[in-house]
Amino acid sequence: MTKTKKKRECGSLGHYFILFILPALIIYLTFSILPFFFTFIYSFTDYSDIKIKDLDFVGIKNYLTVLKTPLMKIAIKNSLIYAVVLTGFQVILGLPLAVVLNKKLKTRNLLRAVYFFPAVFSSLIIGYLWNFILSSSDYGLINNLLHQLGVNTVNFFTADRALYSVIFTQIWQWTGWAMVIFLANLQGISPELYEAAAIDGADGRQQFFRITLPLMCPSVKIIVVTGLIGGMKAFDAIYSMTSGGPGNATETVMTVMMDKGISDGFYAVGSAFGVCFFIIVLLISGLTNKLMSKWSEAIG
Amino acid sequence: MRKRRIRQVSRKEQRKLWITEMIMVVLAVIWFIPVYYLIVTTLKSPQEATQSPLGLPKVWMFENYVQAWNKMEYPRALFNTVQITVLAVAIIVLITSLAGYAMARTRTKWGNRFFLLFLAGLMVPFQMNIVSLFKIVKTIGLMNTVWAVILVDVAINIPQGIFLFKEFIESSVPRELEEAAEIDGCSVIQKFFVIVLPLLKPVIATVVIIVTLNVWNEFMTPLLFIQSRENSVILQEVSRNIGQFSTDWTALFPMLMLGVAPLMLFYLFMQKYIIAGVAAGAVKG
């Protein structure tokens, strides 16, 4: 019975199945899967801009180079800090923002639009804008205001601060994004739950921790996973604000990959670095999935 | 007596709500300062920008825009960006709706295997492959063409597109409708374009919005694949000119403004749909 049903369903598309997926498959194979395999292959060869033909197999030499190069270790560390801090603030600020903007405020649609606004634009341009706002020259908005108030000016781009200054601008840009996704989740929670809790005498705080937070698990998971992976890929804002400097203070995985892997022509090492990057991304998503399901078990 | 208490509570609630609203409005104003600063600075002279950075411009300097417009070769850059975005979005909608439909309506092992293959793309950041992508694009002769950017951007967005279309078709497109069309003698292709596609409007809107934002704001693929100035996009023009004229303060802000203006207009008119689209895309993706 089930067998005949299966056959009929398959027959309802028949060879059209292949025809329909073919265009997507060809582009996906050429520009996603093929490069993925080549990255692995190149990472075990001596491919570079001075040796583009007759590649030799060099074992794990490139991976050792990645592990031994201080610049690459700094880049991985910075990307991790960037990803964790940015994602943390997206959740810590975005969640309460969503809860408040889910209340019956008169201006809530306008407020949502304002908080989401920066997320529409390219991080590159947002980076340039904040570069001027935080600049130490006469023109920098914040230092200009500090100066007018008679307070000492601050250099936001010292080796210690630069990374966090960039992260700060990205929190400004992406909190509204998280808010929108939290809001979508909140709107799916039945109001009856809150009514029942109110009858049982639960106050606002109890309602938030006992009802809202546990039911927000799915959207928190989305923000944490996409935020961490997006943070690891950070490039545009760094490119426009610090270009990796001062020194190596704000180098991230992608700035190093562009410099070493493309501009300087260390293709094989760049590929090995790419594979390491992939493994880190896999570890992060595996780990967060595990932690998040533990969390939902603990409160559920 | 009881009624009065309820009214008191609700009045107290209302006051609380009003205070919350005031706080949120003040916060929103602070949140918006950088954007306001961007807009007013574009119209000021350098002296005025330093002396009163947050005041409204006394004399409106529209020449700033004329200069920026010319330096960026704006019409050409805008055309390239629009061309890349429109073509990428059109291709994505067409090919991922077809593929999503095929996989939603086929319950064979192969349907599922292909679906998993596409879905795996969500876990692989394309950035890890830039070295080999660079090589592939060069080998097939697409280097320094808009098509390199279009095709790679399409590939990046294929997994999410397929996922959204398949999900939507499985949950909201009734099979009975298609069966009826089949009895009436529709071919499979007719069935898809005449019956199914019009029903996909909500998910098409979601995909269009997400992919438009992704492609318009994508900086790394043009940076990698477009070297010549006549093919470059708005973001490249912004970064090139800001690098070159980093001392000419007032020339830079109009460039940033011209850089975000098209999306700003898009957001002003489509705000409700954009917010809904982003939420729908993320919650399901």
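Biologist: Leaving aside its neighbours within four places in sequence, which residues is A:Ile81 in contact with?
Modeller: Contact means heavy atoms within 4.5 Å. With neighbours within four places in sequence left out, the partners of A:Ile81 are A:Leu86, A:Leu163, A:Tyr164 and A:Ile167.

Biologist: At what pLDDT do side-chain atom pairs count?
Modeller: Residues are numbered from 1 along each chain as its sequence is written, chains are lettered from A and ligands numbered from 1 in the order in which they are written, and side-chain values use heavy atoms, with hydrogens and water left out. The model is predicted, so totals for chains, interfaces and linings use all residues, local features need pLDDT of at least 70, and side-chain atom pairs count only at pLDDT 80 or more.

Biologist: Is A:Ile81 buried, exposed or partly exposed?
Modeller: A:Ile81 sits in helix 4 (residues 70–100) of chain A; helices (H or I, at least four residues) are DSSP runs, numbered from the N terminus. Buried means under 20% relative accessible area, exposed over 50%, partly exposed in between (1.4 Å probe, protein chains only). At 22% relative accessibility, A:Ile81 therefore counts as partly exposed.

Biologist: And B:Ile189: which residues is it in contact with, leaving aside its neighbours within four places in sequence?
Modeller: B:Ile189 lies in helix 9 (residues 188–199) of chain B. Its relative accessibility is 35%, so B:Ile189 counts as partly exposed. Skipping neighbours within four places in sequence, B:Ile189 is in contact with A:Tyr16, A:Leu19 and A:Phe20.

Biologist: Which side chain does A:Ser123 join in a polar contact?
Modeller: A:Ser123 belongs to helix 6 (residues 123–134) of chain A, and at 13% relative accessibility A:Ser123 is buried. A polar contact is a pair of N or O atoms within 3.5 Å; within protein, one must be able to donate a hydrogen and the other to accept it, and residues adjacent in sequence count only if both atoms are side-chain atoms. At 3.3 Å, the side-chain partner of A:Ser123 is A:Gln173.

Biologist: Why are helix 2 of chain A and helix 6 of chain B called oblique?
Modeller: Axes are lines fitted to C-alpha atoms, for helices over the stretch in contact, and angles run from 0 to 180 degrees between N-to-C directions. Helix 2 (residues 16–42) of chain A and helix 6 (residues 130–139) of chain B have axes 8 Å apart, at an angle of about 120 degrees. Angles under 35 degrees count as roughly parallel, over 145 as roughly antiparallel, 65 to 115 as roughly perpendicular and the rest as oblique. Helix 2 of chain A and helix 6 of chain B are therefore oblique.

Biologist: Which residues of helix 6 of chain B make that contact with helix 2 of chain A?
Modeller: On the helix 2 side of chain A, the residues are A:Thr30, A:Phe31, A:Leu34, A:Pro35, A:Phe38, A:Thr39 and A:Tyr42. Across from them, helix 6 of chain B brings in B:Ser132, B:Leu133, B:Lys135, B:Ile136 and B:Val137.

Biologist: At roughly what angle do helix 5 and helix 8 of chain A cross?
Modeller: Helix 5 of chain A uses A:Arg112, A:Tyr115 and A:Phe116 to meet helix 8 of chain A, where the partners include A:Trp177 and A:Leu183. The axes of helix 5 (residues 108–116) and helix 8 (residues 162–187) of chain A come within 8 Å, and they cross at roughly 140 degrees.

Key
Helix = DSSP H or I, 4+ residues; strand = E, 2+ residues; numbered from the N terminus.
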